[in-house]
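Please open the model in your viewer and keep the selection panel at hand. The tour below goes from one selection to the next and says what is found at each stop.

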Number of protein chains: 2
Amino acid sequence: MQKLVYCTVRLKPELRSKLEKYARVFELGEESPAPDLAKVEVLMCGPITPQELDAMKNLELIQCVYAGVDALPWSHVREDVIVASNAGSNADAVAEHAFALLLAAAKRVVFFDSRIRGGNFEIVGESRMLHGRRICVLGLGAIGTRVAEIAKAFKMHVVGYGRSLRGAAPLDEFYTPDRVEDALRGCDYAVIALPLTKHTRGLINYQRLSLMRRDGILVNIGRAQIVVKEDLARFLRENPSFIYANDVWWSMQNPAEDSDVYSLPNTLSTPWVAGAASARETYEEMLRQAVENVVRYLRGEKPLNIVKHEDYR
Amino acid sequence: MQKLVYCTVRLKPELRSKLEKYARVFELGEESPAPDLAKVEVLMCGPITPQELDAMKNLELIQCVYAGVDALPWSHVREDVIVASNAGSNADAVAEHAFALLLAAAKRVVFFDSRIRGGNFEIVGESRMLHGRRICVLGLGAIGTRVAEIAKAFKMHVVGYGRSLRGAAPLDEFYTPDRVEDALRGCDYAVIALPLTKHTRGLINYQRLSLMRRDGILVNIGRAQIVVKEDLARFLRENPSFIYANDVWWSMQNPAEDSDVYSLPNTLSTPWVAGAASARETYEEMLRQAVENVVRYLRGEKPLNIVKHEDYR
């Protein structure tokens, strides 16, 4: 009998029909009666509750729609369930956003635009070059690889930090996870493109921020919790020339809790819009790649982007 | 006898000594008495007055410090004087600024940053991708070539517009000056990196703007006068999704005269800071390249970047 795919996001008919070649499909929100969760074998999801996961006693595969799988309620994911991320599905969009933040900070676009709207064309201070500068790319998955490629086009010195070189990012230097200090030391810029795992949570603390140049820029398009917020806020207050350019937040549910960061003048902020929320076409591409990976599994092939449970527990 | 070089900008001692190997040098503002302008053979300048030029009856070479030579009082430049621009000396800085403007507009950085400072994290509207989009690079000198190279790293479809392909820009399509409409038609984005000459003044008018996509972005890091201001203001008012991202202005002396453009919501503005005014290091590099070109002349070699008088008269 065909497997049952439970999908918590809505699919376009052509995507749904790709799954229906191999499986029965139920989309959350569709009119037909909801299936017995105990019979679900494949879950394709964004957010999911612990209760729902507990009820899926026959679950074999969780295919996340988002590039990161950190939001899963991991203590409710059985050890034998395969979990696949959607890594790479939004890499172009997120890498573009990283450079939008880096360049806007370096060239002081927000500062000047707001002054000109008031009729003030005075030129003050200096902009920062990318050319020739040292940039650390933290995380060498699909997003980090794209960031490194674009950084080379800007003629930057690219320092890679990650588990391996498998992504073939064009790096001038490479450091493994045990050498984060060596990767950050003396860098003008850094881009956080890491997944949030038990290894990366709190990776960037006060001491490690201090290794970067005082007039540096840290771009975060990965996950907020990779940076220790209190350390960052202190570092930014002490180093007014250092800029934190950020798309991801510690507390999206209650943004006021992050005001100690975003209210500082040396920050540049967007509201988690680099990836899925950037444009409809990016989200559609993410769904397309997620469906393809599920089809891979339904055909008996090994899905891509299988994550290690141990990294998230 | 050694030639006399009159320099209207101040040079670092090491740059001055490069010239002094081959010439007598006077820098405007230095303490020694000013030379008789009639004896000046080489002029290295930023702004210069018609009266000064008229007085330089033995002038052989004008080396401009800026990439553009349009600000020279051309009707006072004798036909036999060689005029060299400083093209290429700030190409990296200006190309970076072009992408700072393009990406900030595409990803709505100013909009979101200002909302977040007010505690508003709401996600509204859509960002625009660079990946896969059609960008027209108007002008294929050093700046345009760098813009095209970076655009390829963003996986864009690059349409080049210029006199020739000598710069080896990585283009998907190429159009000569008589085909500006074909170059602009259907483009999502365009970057103006042209010099201001009698051929490019007013090149971008209402009808040509209308050839671009209605949700397009026009970046100007060349010269304001290449765009017909009244046409642009009308086009922006009629097409609220189209964005003009601009570093160069029609009336820097009296910015209020350009408020019909910069006060519109669909503009993004910086105050002519892409090149010489971006950072001290960019300006120093411009001086270094200008001095090298003068040295070339003093040694009896042909200077680089000689412009045609007829393009500016």
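This is a predicted model: local features need pLDDT of at least 70, side-chain atom pairs count only at pLDDT 80 or more; totals for chains, interfaces and linings use all residues.

Residues are numbered from 1 along each chain as its sequence is written, and chains are lettered from A and ligands numbered from 1 in the order in which they are written.

**Stop 1: the domains of chain A**

Select residues 3-88 together with 280-311 of chain A for domain 1, and colour 91-269 separately for domain 2; these bounds come from an automatic or database domain assignment. The centres of the two domains, taken over C-alpha atoms, are separated by 32 Å. Where they touch, six residues of domain 1 of chain A are in contact with 10 residues of domain 2 of chain A, contact being counted when C-beta atoms, placed from the backbone, lie within 7 Å. On the domain 1 side, the touching residues comprise one nonpolar, three polar and two charged. In this scheme Ala, Val, Leu, Ile, Met, Phe, Trp, Tyr, Cys and Pro count as nonpolar, Asp, Glu, Lys and Arg as charged, and the others, Gly among them, as polar.

**Stop 2: where chain A meets chain B**

Now show both chains, whose contact takes 47 residues from chain A and 47 residues from chain B. Several elements of chain A each supply at least two residues to its side, among them helix H4 (109-117), helix H9 (259-262) and strand E12 (267-269); helices (H or I, at least four residues) and strands (E, at least two) are DSSP runs, numbered from the N terminus. H3(A) gives the most, with 10 residues. By class, this side of chain A has 27 nonpolar, nine polar and 11 charged residues.

**Stop 3: two helix pairs**

Two packed helices are described by the angle between their axes and the distance between the axes. Select residues 142-153 in both chains to see H5(A) and H5(B), whose axes come within 9 Å and cross at roughly 170 degrees; axes are lines fitted to C-alpha atoms, for helices over the stretch in contact, and angles run from 0 to 180 degrees between N-to-C directions. The two helices are therefore roughly antiparallel, a term for angles over 145 degrees, with those under 35 counting as roughly parallel. Here A:Glu149, A:Ile150 and A:Ala153 meet B:Glu149, B:Ile150 and B:Ala153.

Next select residues 13-20 and 280-298 of chain B, which are H1(B) and H10(B), packed at an angle of about 10 degrees with their axes 9 Å apart. H1(B) and H10(B) are therefore roughly parallel to each other. B:Leu15, B:Lys18 and B:Leu19 in H1(B) meet residues of H10(B) including B:Leu287 and B:Arg288.

**Stop 4: the core**

Which residues of the largest nonpolar core touch the most other members? Of its 220 residues, they are A:Val137 and B:Val137. A nonpolar core is a set of buried Ala, Val, Leu, Ile, Met, Phe, Trp, Tyr and Cys residues joined through C-beta atoms within 7 Å. Leaving aside neighbours within four places in sequence, B:Val137 is in contact with residues including B:Gly144, B:Val158 and B:Ala193.

**Stop 5**

Finally, select A:Trp272, found in the loop between E12 and H10 of chain A, where its phi is near 60 degrees, a positive value in a residue other than glycine. A:Trp272 counts as partly exposed because it has 19 C-beta neighbours inside 10 Å, the scale being buried at 20 or more other C-beta atoms (placed from the backbone) within 10 Å, exposed at 12 or fewer, and partly exposed in between. In chain B, B:Trp272 lies in the loop between strand E12 (267-269) and H10, and B:Trp272 likewise has phi near 60 degrees.

Methods:
Two residues are in contact if their C-beta atoms, placed from the backbone, lie within 7 Å. Angles under 35 degrees count as roughly parallel, over 145 as roughly antiparallel, 65 to 115 as roughly perpendicular and the rest as oblique.
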